[in-house]
Amino acid sequence: MRTAYSVETVRAAERELMARLPEGTLMQRAAAGLAAVCVRLLPRVYGSRVLLLVGPGDNGGDTLYAGAKLARRGAGVTAVAMDPDRVHAGGLAALRAAGGRLAGAVPDRADLVLDGLVGIGGRGALRPAAAALVERIPAGAVVVAVDLPSGVDADTGEVAGAAVTADVTVTFGAYKPGLLIDPGASRAGVLHLVDIGLAFGPPEVEALQHADVAGLLPEPTAVSDKYRRGVLGIVAGSARYPGAAVLAVAGALRGGAGAVRYVGPPAVADAVLARYPETLIGTGRVQAWVVGPGLGDEGGPEVREALSQPVPVLVDADGLRGLDPGVLRARAAPTLLTPHAGEAAALLGLARETVEAGRREAVRGLAERYGAVALLKGSTTLIAPAGPGPLRVNPTGTPWLATAGSGDVLSGLAGSLLAAGLPALDAASVAAYLHGLAARLTGGPLLAHQVAEALPRAWREVARG
């Protein structure tokens, strides 16, 4: 599992460790790790052209010391400073002693560029001088961000203007949330973590990996039957949106549900049966409910009925309209909400733009207000627990999932995992992971039913490790 920590937490850990170490030790550890990654990225170090974009802080110092190590191995290293009067003195001296140089302009060509302009303390838009250097990064060079791509907010992943798009980010001590959450995540490239000896408590953000998901997958045993594997009830679809029911059932059946019970209009039930004859029709015993996809404006009674039952309930799409926080908070069984940004805005009484600009705060706000696990869809899907605990970030998302019906498939998949007995936070996390992986395996452009069809393949890939 990848765990991420806020800038404040990282700074506190650095101060605690630096008080016990000789001055400059952490910078040397960071520079050594950064240089080692750069060596692996270059076909050969000797004779390569390395450009350092250097800011005035410790981030610039890390970059200069790493450049010095590359210069000692025969690379031609040129540093360009954002502010020539505020360059890390020790790092610049080391670079010059190793044969590197400080230049006044960005060269036209480079094999490797180290972005050391702004570190994790940067906030808001880049200064004009930094933005100008970013615009001049030579085409074709491998770009390595030092700790964080300049222009990305370390805590939120937000980008306010110009920013570096890195091929690789070498981060020190711990992952930062902005490296895992878009748009920052899409700017970071491949992540490398350099251990510099920091110690932390519980993380602020975590991202499941293959092994974590494999350990959560509900696998049938020799004594399994459809009830032990979980029966999911689905209330979805309408005359206007019959496909929502079909897609939700598809996600559930391919998500490992022992059985799926569909409750809805007869015409929609016929469409579901025509595609999936194994579906049960009508009310009966279930271990969890999914309510909302494609219900239109008439789904209020069905949502209230599902929420009154003592089993986990996933509420999506049209089912999210007019939810009463008091009702959800009073439930003894878990509730999982799966809105997109517009639906989340309505639930919180905010503008959609506010939610999109502050996704971490929005998903936390949903979980706190409604006493439910909240899954906020987007290019990076965020999942907040109903109570205290780390925010989860899904690492497998892809923009190709921004297509009609993909949310219905996700609802069915997550519901099947709830019915199998996974806690709501884990059901949401595993479903988002498999959903994104299935889309990646399918490739784009894609349709929602293609993602559903690829779910067993994604499941097998995760199970194999």
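Residues are numbered from 1 along each chain as its sequence is written. Because the model is predicted, local features were considered at pLDDT of at least 70 and side-chain atom pairs at pLDDT 80 or more, whereas totals for chains, interfaces and linings use all residues; side-chain values rest on heavy atoms, with hydrogens and water left out.

Helices and strands are DSSP runs numbered from the N terminus (helices H or I, at least four residues; strands E, at least two). Helix α9 (residues 242-253) packs against helix α16 (residues 406-419) at an angle of about 40°, and their axes lie 6 Å apart. Axes are lines fitted to C-alpha atoms, for helices over the stretch in contact, and angles run from 0 to 180 degrees between N-to-C directions. The arrangement of α9 is therefore oblique to α16; angles under 35 degrees count as roughly parallel, over 145 as roughly antiparallel, 65 to 115 as roughly perpendicular and the rest as oblique. The crossing of these two helices, α9 and α16, is right-handed. A crossing is right-handed if the near helix is turned clockwise from the far one by less than a right angle, and left-handed if anticlockwise. On the α9 side the contact (heavy atoms within 4.5 Å) is formed by Ala-244, Leu-247, Ala-248, Gly-251 and Ala-252, and on the α16 side by Asp-408, Val-409, Gly-412, Leu-413 and Ser-416. The residues of this contact comprise 6 nonpolar, 3 polar and 1 charged, where Ala, Val, Leu, Ile, Met, Phe, Trp, Tyr, Cys and Pro count as nonpolar, Asp, Glu, Lys and Arg as charged, and the others, Gly among them, as polar.

Helix α9 also packs against helix α18 (residues 448-464), with an angle of about 15° and axes 8 Å apart. The helices α9 and α18 are therefore roughly parallel to each other, and α9 passes α18 in a left-handed crossing. Leu-247, Ala-250 and Gly-251 of α9 meet Ala-448, His-449, Ala-452 and Leu-455 of α18. By class, 5 nonpolar, 2 polar and no charged residues take part in the contact of α9 with α18.

Among the contacting residues are Tyr-433, Leu-437 and Leu-441 of α17 and Val-451, Leu-455 and Trp-459 of α18. The contact of α17 with α18 has 12 nonpolar, 3 polar and 2 charged residues. The loop between α17 (424-442) and α18 holds Pro-445, which is joined to Gly-444 by a cis peptide bond with omega about -5°.

In soluble globular proteins, nonpolar side chains tend to be buried together. A nonpolar core is a set of buried Ala, Val, Leu, Ile, Met, Phe, Trp, Tyr and Cys residues joined through side-chain atoms within 4.5 Å; buried means under 20% relative accessible area, exposed over 50%, and partly exposed in between (1.4 Å probe, protein chains only). The largest nonpolar core of the model has 92 residues, and Leu-34, Val-50, Leu-52, Leu-114 and Leu-323 have the most contacts inside it. Helix α2 (residues 25-41) gives the most to this core, contributing 8 residues. Not counting residues up to four places away in sequence, Leu-114 touches residues including Leu-34, Val-50, Leu-52, Val-144 and Val-146. A second, separate core of 57 residues includes Leu-232, Ile-234, Ala-257 and Ala-452.

Ala-384 is located in strand β17 (residues 382-384) and is buried, at 0% relative accessibility. Leaving aside neighbours within four places in sequence, its contacts include Val-363, Arg-364, Leu-391 and Leu-425.

Most residues other than glycine have a negative phi, and most peptide bonds are trans. Asp-147, although not a glycine, has a positive phi of about 75°; this residue lies in the loop between β6 (142-146) and β7 and is buried, with a relative accessible area of 8%. Ala-317 likewise has a positive phi, of about 50°, and is buried at 16%. A cis peptide bond joins Asp-182 and Pro-183, with omega about 5°.
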